[in-house]
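Opening the notebook on a new model.

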Amino acid sequence: MAANFGKNYKISIFGESHGSALGVNIDGIPAGTELNLEFISQEMRRRAPGRSKLTTPRVEKDEFEILSGFFDGKTTGTPLAMIIRNSNQRSKDYSELKRKPRPGHADWSGFNRYNGFNDIRGSGHFSGRITASLVFAGAIAKQILKEQGILIAAHIKSVKDIEDRDFVESDITEENINKLRNMTLPVLNEEIVEKIEKAVEKTREEKNSLGGIVELMVTGLTAGIGDPYFESMESELSRMIFSVPATKGIEFGAGFGITEMTGYEANDEMFYDEKGNIKSFTNNNGGIIGGITTGMPISFKVAIKPTASIEKAQKTVNLETKQNDILEVRGRHDPIIVPRVVPVLEAATAIVILDRILEGKKRGL
Ligand SMILES: Cc1cc2nc3c(=O)[nH]c(=O)nc-3n(C[C@H](O)[C@H](O)[C@H](O)COP(=O)(O)O)c2cc1C
Ligand SMILES: C=C(O[C@@H]1CC(C(=O)O)=C[C@@H](OP(=O)(O)O)[C@H]1O)C(=O)O
């Protein structure tokens with residue numbers, strides 16, 4: 001089912017952006033897991049709308065209510081259900097879109113898939129708002145992974161042609177992760193913050209939007225996690241990452257750039273480090289070979305498209321008059337999705353990594 005993910009850490013999401021609520025049911029959290037609710041709230045705030053001038057002005061607190069599976073500060077092992085109530089809907093912004101679908105958004109494809117019964121208000125189930133549930137499930141997964149020494153970090157690699165430097169393994173410390181978590185624009189080279197802000201402001205004034213790339217890194221993984229072929233670590237991560245709205249590409253390690261290397265350059269030559277751990281000098285394969293972790297960090301980049309809903313006049317069709325028409329999208333939209341998707345991609349990654357680790361444990365690994 002489209003709303004379900006995972007074989008071991010199983011999530012099932014529901015909700016609409018302008019309905020009464022959205023949420024997630026999680027099955028597979030080990031019983032007795034202590035949850036740091038304040039950490040989960042912080043993660044929710046990182047994603048929540050209306051928190052900076054670079055995001056949609058729709059303000060939602062994204063306060064979550066846990067309905068089941070949690071007692072006396074610990075998980076019970078039975079399904080943990082969570083809901084967030086919507087409070088700041090402005091559905092009139094969407095009244096024109098059933099007739100005039102937005103180019104780049106799911107109005108036309110969703111209309112066809114659901115025979116016109118899809119909830120158009122706030123883009124319904126297609127809204128980026130539904131990713132609040134991923135952040136919740138991911139925050140729990142992150143806590144479990146951290147106990148095992150596994151850290152997940154992300155930063156904005158680029159916005160249009162403004163580039164941050166790449167992650168190196170030594171960037172992934174708890175201190176650096178906390179710093180990035182507290183930044184509105186999480187970048188490594190802080191000199192580009194103002195450039196990004198100006199570029200977004202200028203584009204918004206032009207009634208347009210921007211996209212960019214997010215880079216992620218996962219450290220602390222032992223070699224041997226994952227499977228070949230259809231449940232490969234790359235397959236599972238890609239399937240999840242492409243479920244995040246606005247994702248248009250993913251590349252592991254050197255990605256498409258590996259095609260410009262020779263075999264000698266691309267192969268990650270190996271060595272024993274001073275502690276006796278097997279490592280590679282480079283990580284062009286992004287920490288995964290044969291679908292299975294190598295013990296090097298998992299490293300990948302995600303392409304996020306520019307926000308579809310823009311005020312600039314665009315050509316579309318009018319499904320009532322059956323004529324070509326013009327649309328100027330109204331409403332409260334993100335001028336750029338990239339900063340808000342950073343915690344979502346981290347969470348999505350945490351869900352997959354935990355699910356794969358539990359899969360290995362099932363087989364006694
Ligand atoms: C956190 C987040 C916020 C988003 N905000 C907006 C928005 O304000 N306006 C918009 O048109 N799309 C926004 N999107 C993207 C749309 O939800 C997405 O483009 C749409 O569902 C179509 O899916 P696709 O782009 O993956 O094909 C957002 C996505 C995320 C993850
Ligand atoms: C509310 C959120 O972001 C929304 C994501 C979104 C979209 O099309 O994806 C469109 C906008 O919805 P609305 O028109 O209701 O303001 C954004 O504000 C959220 O992420 O929590």
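Below are my entries, in the order in which I looked things up.

**Ground rules.** I'm working on a predicted model, where local features need pLDDT of at least 70, side-chain atom pairs count only at pLDDT 80 or more, and totals for chains, interfaces and linings use all residues. Residues are numbered from 1 along each chain as its sequence is written, chains are lettered from A and ligands numbered from 1 in the order in which they are written, and side-chain values use heavy atoms, with hydrogens and water left out.

**Sheet with β1.** I traced an open sheet of five strands, ordered β1-β2-β3-β7-β4, with antiparallel pairing. Strands here are DSSP runs of E, at least two residues, and helices are runs of H or I, at least four, numbered from the N terminus; two strands pair if DSSP finds at least two bridges between them. The edges are β1 (4–5) and β4 (64–66); each has a single partner strand, so one side of each lacks a neighbour in the sheet. I then checked β1 against β2 (residues 10–15) and found two bridges in the antiparallel sense. N4 sits opposite S12 in β2. Helix α1 (residues 37–47) packs on this sheet and touches β4 and β7 (80–85); contact means heavy atoms within 4.5 Å. The direction of α1 makes about 145 degrees with that of β4 (axes are lines fitted to C-alpha atoms, for helices over the stretch in contact, and angles run from 0 to 180 degrees between N-to-C directions).

**Sheet with β11.** I found an open sheet of five strands in the order β9-β8-β10-β16-β11, paired antiparallel. Which strands stand at its edges? They are β9 (162–163) and β11 (247–252), each with a single partner strand, so each has one side without a neighbour in the sheet. Five antiparallel bridges join β11 to β16 (residues 298–304), and G249 stands opposite A303 in β16. Helix α8 (residues 338–362) packs on the sheet, touching β8 (151–159), β10 (212–219) and β16, at about 35 degrees to the direction of β10.

**Ligand 2.** I count 15 residues around ligand 2, with H18, R58, Y94, G128 and R340 the closest; a residue is near if one of its heavy atoms lies within 4 Å. Next I listed polar contacts (pairs of N or O atoms within 3.5 Å). A polar side-chain atom of H18 is 2.6 Å from a ligand 2 oxygen. For H105 the distance from a polar side-chain atom to an oxygen of ligand 2 is 2.8 Å. On its own ligand 2 exposes 470 Å², and the protein buries 93% of that (Shrake-Rupley method, 1.4 Å probe). The shell holds two nonpolar, eight polar and five charged residues; Asp, Glu, Lys and Arg count as charged, and Gly is among the polar.

**Ligand 1.** There are 17 residues around ligand 1, and F126, A246, K305, S309 and D334 come nearest. A side-chain N or O atom of S309 lies 2.6 Å from a ligand 1 oxygen. From the backbone, an N or O atom of F126 is 2.8 Å from an oxygen of ligand 1, and one of G128 is 3.3 Å from an oxygen of ligand 1.

**A199.** Last, I looked up A199, which is in helix α5 (residues 193–205). Beyond its neighbours within four places in sequence, A199 contacts I162 and L210.

Conventions. Polar contact = N/O pair within 3.5 Å; in protein donor to acceptor, adjacent residues only side chain to side chain.
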